[in-house]
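Okay, thanks for coming, everyone.

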Amino acid sequence: MVFSSMLFVFLFLPANLLSQILIRSPRGKNIAMLAFSLVFYSWAGPRYLLLLLGMVLICWLGALGIAGREDAGGRKAYLAVTVGLCLLILGVFKYTGFFLGNLQSLFGVPEVIPQIALPIGISFYTFQLISYVADVYRGEVKPQRRYWLLLLYASLFHQCIAGPIVRYRDVNRDLVRRRTKPEEISAGISRFAVGLAKKAVLANGCAVIADQLLVFDAGVLAATPAMGVLLGAFAFTLQIYLDFSAYSDMAIGMGLMCGLHYRENFDYPYMSGSITEFWRRWHISLSSFFRDYVYIPLGGSRCGTGRQLFNLFVVWSLTGMWHGASWNFILWGIYFGALLAIERFVLGKDGQRFLPQALRHGGVLILVAFSWIIFKYTDMALLGTAVKGLFGLNHNGFSSGSVTLLFKNNLFFLLVCVIAVTPLAKRAGERFRALAGRSEAVYMLYGVYQVVHPVLLLLLAAMALVGDSYNPFLYFQF
Amino acid sequence: MDREWQNVILRMMKVAAFALTLGVMGIVGLVWPRPEVSAVEKRELTGFPAFSLASLWDGSYFSAIDTWYADTYPMREDLIAAQQEMESRYGLRQTQMIGGNVVADAIPTGDQDAPAGTGGAVEESPPTPEPTATPLPDGTVHEIGEYVGGVYITDGSAYGAYYFSQSGTDAYISTMNQIYENIGDKVHMYVLNAPLSASVMLDENVWADMGCSDEGAAIEYINGKLDPGITPIPVYDTLRAHNAEYIYFRTDHHWTALGAYYAYREFCALKGWTPHELDQFEMRTYAEGRYLGTYYTTSGQPAQLTQNPDTVYAYVPMGTNHMEMTLEDGTEMELAIITDGSVFGDHDTYCLFAGADRPFSHIHNDAIQDGSAIMVVKDSYGNAFIPWLVDHYEDIYWVDYRYTHNTVSELVEKYGVQEVIFEAATSLATSGQCNGMYLDVGV
């Protein structure tokens, strides 16, 4: 099931919220939430549920094993076996085809590559479970004695299949206490409605433009002029942020409505003045996972330049691989690793300050938009064609009337999307609230806005979703 | 009341409004009658899936429930219309293009080799229509708006764009030539290639900007490669000459009865007949200012088409308005050639012509007693064309090549027709999708 479906919004979610209102005890709420989460997860086929149950069992036992040992060696062994098993399972399901495909192209064997379907959300919940086991090993959290509560942490439908990658320590206290505050419910409603409309109206609208220009037909892509590829990359850049951050908005909003607090996953990344800053603002739960569980354990920045470069290479190759079992994702990760290395070791802080703010900001946007082209095409030949097209090397001119027409047809829409990726609306909202505090008339207006905007956004989303039966989130494939 | 209390009330109202919206939409989705068909989209909406353990296990059962729920949500067409209304404000949309991207092949010039297959490499030029004595008003749309693929919309009218496919066209030519080999000694064979509205109505610069092909040149290429025994009915230039008139629908991919009439006049010119004039026929009007056809649907019901619907005008044949037809399941029925268009609703009104697309149909005209019989092998463009032939033949038989169960050879033999017209919308017949649909040739 996806959040941006009529069935979810108008049947599953109301039923879930109703259960959380009617059931008073935290334990009862959690049991109901687990039942809803398992149904939600089973929607893609119950067979994957068995895998989720199994991985949670491994990590539950592994964490209990770690906590039960006093000796460092035994604790480490439990950690290694548990994390190793998790990574093995993730590897089998996610990377077997990729690995064997590369072997086949190099050595001609194996003849047949098994087609293994990627269980939905496996990359997200595997990382959540690894973070739990690692935190138990580090003594930062106590192991969960109840299997079903750990299962609830891993399967919680708010974030199980597309993030954010929630840390156990963040969510465990809420699961036990479950306190909902009226102001948080109100904020959750707004956050969810904004996220839903952002996905259904803005992200899906950008997808229509991006899909028209960044096509998967080699002939058509080669015939697309440079401005077409550029407009496609622009639309895809908007789409991928609006799409993914919308999912996080909805997760955070639903969490707030139920007394669960998830950390922010995005902080207006396209406002960044450097690539380092971009990755502090983009998919924060993933980059902080790699920082805390890979980069820092490897030595982080507190080592020699060579070692730091190695650490960066490892972390960013893994980041790329996490996004998909394909060379373009690894290339995408290394691309960012290289940019970060250049920022740190070549430009340095002084070098970056030397550049004007607008230039830095523009440069980051161009570099990030280019990265999304690498991200888009898993087929390296198509990627090559798109990159050539971007620089006008496909010999089909700079632009065409068709590109101009598409741009004109969506001019206001793209403008709204550009505003939506900036904090302008958020700041306007804050200003509105501040003014409402000072004037009764403005307060009345603010009140009307508060009551009406979630309803309007819900209806706008319903309009967009009814005629749009296929709109999976981009990050589902990971 | 202090601000703290005001905030509490405000939050309560906000939660209530949100809960009410979710609740009402949820209850509507559960208890309200769900639509089963979409008149606008001309399709049955997704049904509730049948349960099976296999579909449950692989997730397809739940996925189908998702689709069913959204696809049959009550008031879906109103919601979609509202969405289209909103999308019409996304930008400057006086001109737009909706649809997939296509890269057309280059149309070969006349001195290139004939396609593989039977039939001749013929270098004869097709018959050139007589120039019109008085210059006709120019209705060409010069608005430059460019795109690759799909339906081009400008100023409230939609135009289907044509892209030349070398392989598809060659397959079509080969098919026609093979059929001619089979029946050419028994009948006079005509080929009528109907162009799309963009080719007839739009400025050539518009095609170029859209990356489209010159359909007139494509038809010329086809005619040049047909066996010399086949007579092409040259309609392209005459349609273009009359493009200031209402010869194509604005919201549908078909020509109007008037467009088909100009094709009929070209046929009469080939036959040496004096065509009947329009004012000799009874004209009927259907879906006046309400017809929203296939382009409206395929382009996602854009608001600018909603604001510019068509009217379907039909001309009743003089000799008879009675026909019989055989449905795909073998059921035989009788009906009017120009039937009551109001029964089809405002999205299917074109179906009023000649029983729409059926495997086999027949008209016997008692007003003519000369034993003349013609067969038309057609697609949906033929529906508006056939009524014009009624007053020239004692018997007219026609099959839709996409649905018929018989070969033309069999039918020619069986009914003793003297002439066969192969009518086809060029874009469809040469797309490569129709290879094998002509049963005389097979796959």
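Buried here is a C-beta count: 20 or more other C-beta atoms within 10 Å of the residue's own, with 12 or fewer called exposed, anything in between partly exposed, and the C-beta atoms placed from the backbone. Before I go on, this is a predicted model, where local features need pLDDT of at least 70, side-chain atom pairs count only at pLDDT 80 or more, and totals for chains, interfaces and linings use all residues. Residues are numbered from 1 along each chain as its sequence is written, while chains are lettered from A and ligands numbered from 1 in the order in which they are written.

How many helices and strands does chain A have? Chain A comes to 20 helices and 0 strands. Those are DSSP runs, H or I of at least four residues for helices and E of at least two for strands, numbered from the N terminus. Along the principal axes, the C-alpha atoms of chain A fill a box of roughly 70 × 65 × 50 Å. The radius of gyration of chain A is 23 Å, which agrees with a compact globule of 478 residues, because that would come out near 23 Å. That radius is taken over C-alpha atoms, and the globule rule is 2.2 Å times the number of residues to the power 0.38.

Now the contacts, meaning two residues whose C-beta atoms, placed from the backbone, lie within 7 Å. Take the contacts in chain A with a separation of 6 or more: 74% of them join residues 24 or more positions apart.

Chain A splits into domain 1, 6–179, and domain 2, 184–466, with bounds from an automatic or database domain assignment. Where they touch, domain 1 of chain A puts in 25 residues and domain 2 of chain A 24. On the domain 1 side, α1, α4, α5 and α7 of chain A each supply at least two residues, and α5(A) gives the most, with 5.

Next, the partner. In the contact between chains, 49 residues come from chain B and 48 from chain A. α1(B) gives the most to the chain B side, with 13 residues. That side divides into 26 nonpolar, 13 polar and 10 charged; Ala, Val, Leu, Ile, Met, Phe, Trp, Tyr, Cys and Pro count as nonpolar, Asp, Glu, Lys and Arg as charged, and the others, Gly among them, as polar.

Which residues touch the most other members of the largest nonpolar core? Val133(A), Leu196(A) and Met375(B), out of 252 residues. A core is a set of buried Ala, Val, Leu, Ile, Met, Phe, Trp, Tyr and Cys residues joined through C-beta atoms within 7 Å. Helix α10 of chain A supplies the largest share, 22 residues.

Last, confidence. The predictor gives the complex an ipTM of 0.88 and a pTM of 0.80. Chain B averages a pLDDT of 84, with 88% of the residues scoring at least 70; pLDDT is the predictor's confidence in each residue, from 0 to 100. Residues 112–134 of chain B stay under 50, and residues 142–149 of chain B are below 50 too.
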